[in-house]
Amino acid sequence: MSWRPQYRSSKYRHVFGKPATKENCYDGVPITRSVHDNHLCTVNPRFIAVITECAGGGAFLVLSINHTGKVDPHHPRVSGHRGNVLDIKWNLFNDFCIASCSEDTTVKIWDIPEHGVLKNITVPRKELQGHSRRVGLIEWHPTANNIIFSTGYDYQVMVWKLDVPEQVIKNPLRSISVHSDVVLSMSFNTDGSRLATSCKDKKIRVFDPRTGTLLQETNCKSHKANKVLFLGNLKMLLSTGNSRWNHRQIALWDQEDLSQPSYSEDLDGSSGVLFPFYDPDTHMLYIAGKGDGNIRYYEISPEKPYVHYLTEYRSFLPQKGMGVMPKRGLDVCSCEIFRFYKLVTIKSLIEPLSMIVPRRSESYQEDIYPMTAGNKPSMTADDLIKIKDLDIYLLVVCFGSLMLTKASFIWSKIHSSTTYVSNGQLDSMHCSPPKTENELRQMFYKQQEEIRRLKEQLNQKDVRIKQLELEIKNVRNSQANL
């Protein structure tokens, strides 16, 4: 029987990492020496923020995204915490609002001036006081405005509502008390209807964040989870951690059944924590290890074997933390589909790293830029409390002409009960006829996205048919030789 290699068709097979030149990096940044396993950096299209090393309290640095090169050692900082800052996150719907949490048991919300931080900021807009021990993680709700989640070393996950008149908020909206140890990571699904956590007791739990009800919990001894991540609308979870033999491992789970992983793979025997990053638009998964210089990337499919290894980016510079640019801040003219900001402590350097799809044409590539998450909230905090139907606002990036060099952004409201969140399909049967030009444009882009999705499914089916035909042919040849 003759053996022939079977290749999986993918437009992302040749994605490569392109590090920024020296003049486009951020040099001289006093990156924190904290051993806390967080990203330590957060990015939006206007600013980059990084936790810094300082004496007498905690602080972080906010730089304009264009403020590259050597950073002034006396650059003003945001320094209102009395203890070390452990985590920072930009507001998903406001590029001038950032949250921070600290060892001083508080969470603080800061307003950043439009032209950047020109002097030290010490007074926050809001201060959240509810945790009894240091706060290690914060996460903004992905669809509801003014809702933030925090968790600390008191094993509590607290939900905070920010659109209240008080400057100091002492009572959270809700407190979830089911963890028996420190929560190591939190992740929302696309519409924010599910919250997954990984805990120091090596278990993964899935909650309804509106009620705090525990929906699923792992009890698998073959995988010790450290970080957990929802994979967009695939209804799957990915976790990174360690195997029984203490090898670094990734595992894939069905969000409705956490009894056993659907897929697991040992990577290596290193000891650094693995940080997972997922791009729901390209279905690409990136795995970056703390202290590693390489970044592995894979493509995720809804069918077995689920995880398809592509290649890896290699560098001699080890990363201590990573920031990720939202999709709306990428350079679509160079086919950039993902951008990391590597924190290189040994050189006090922040190095941008672009993941690029090689294309010969310099025109806009519509197939690698589908509708993506925008910066407009789908509901208010009160809507979330009342448990209304969850909506998602998606952003369409398009070009009116192939010669244009600037993208135009068009908002499209997609109702989750009839689109991606329910079954991955756009249902136009329940939509009323468009009455205005704007509604007609929105309907057009919905149909274009549905056509793109159907073409992608058809291509996947064609590849599967060819694989099956080849397998049948090989089986027949082997039977004939017998």
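Strands E17-E18-E19-E20 form, in that order, an open sheet of four strands with antiparallel pairing. Strands here are DSSP runs of E with at least two residues, numbered from the N terminus, and two strands pair if DSSP finds at least two bridges between them. The model is predicted, so local features need pLDDT of at least 70 and side-chain atom pairs count only at pLDDT 80 or more, while totals for chains, interfaces and linings use all residues. Residues are numbered from 1 along each chain as its sequence is written, and side-chain values use heavy atoms, with hydrogens and water left out.

At the edges of this sheet are E17 (183–188) and E20 (213–217), each pairing on one side only. E18 (residues 195–199) and E19 (residues 204–208) pair in the antiparallel sense over four bridges. Thr-197 stands opposite Arg-205 in E19.

Another open sheet of four strands, also with antiparallel pairing, has the order E25-E26-E27-E28. E25 (274–279) and E28 (307–313) each have a single partner strand, so one side of each is left without a neighbour in the sheet. Six bridges join E27 (residues 295–300) to E28, and the two run antiparallel. Ile-295 stands opposite Tyr-313 in E28.

Asp-154 lies in the loop between strand E13 (147–152) and strand E14 (157–161). Asp-154 is buried (under 20% relative accessible area, 1.4 Å probe, protein chains only). Asp-154 has no salt bridge (a side-chain nitrogen of Lys or Arg within 4 Å of a carboxyl oxygen of Asp or Glu); the nearest side chain of opposite charge, Arg-133, is 7.4 Å away. The Asp-154 side chain does reach the backbone nitrogen of Ser-132, at 3.1 Å.

Note on methods: Buried means under 20% relative accessible area, exposed over 50%, partly exposed in between (1.4 Å probe, protein chains only). Lys and Arg count as positive and Asp and Glu as negative; His and the chain ends are not counted. A polar contact is a pair of N or O atoms within 3.5 Å; within protein, one must be able to donate a hydrogen and the other to accept it, and residues adjacent in sequence count only if both atoms are side-chain atoms.
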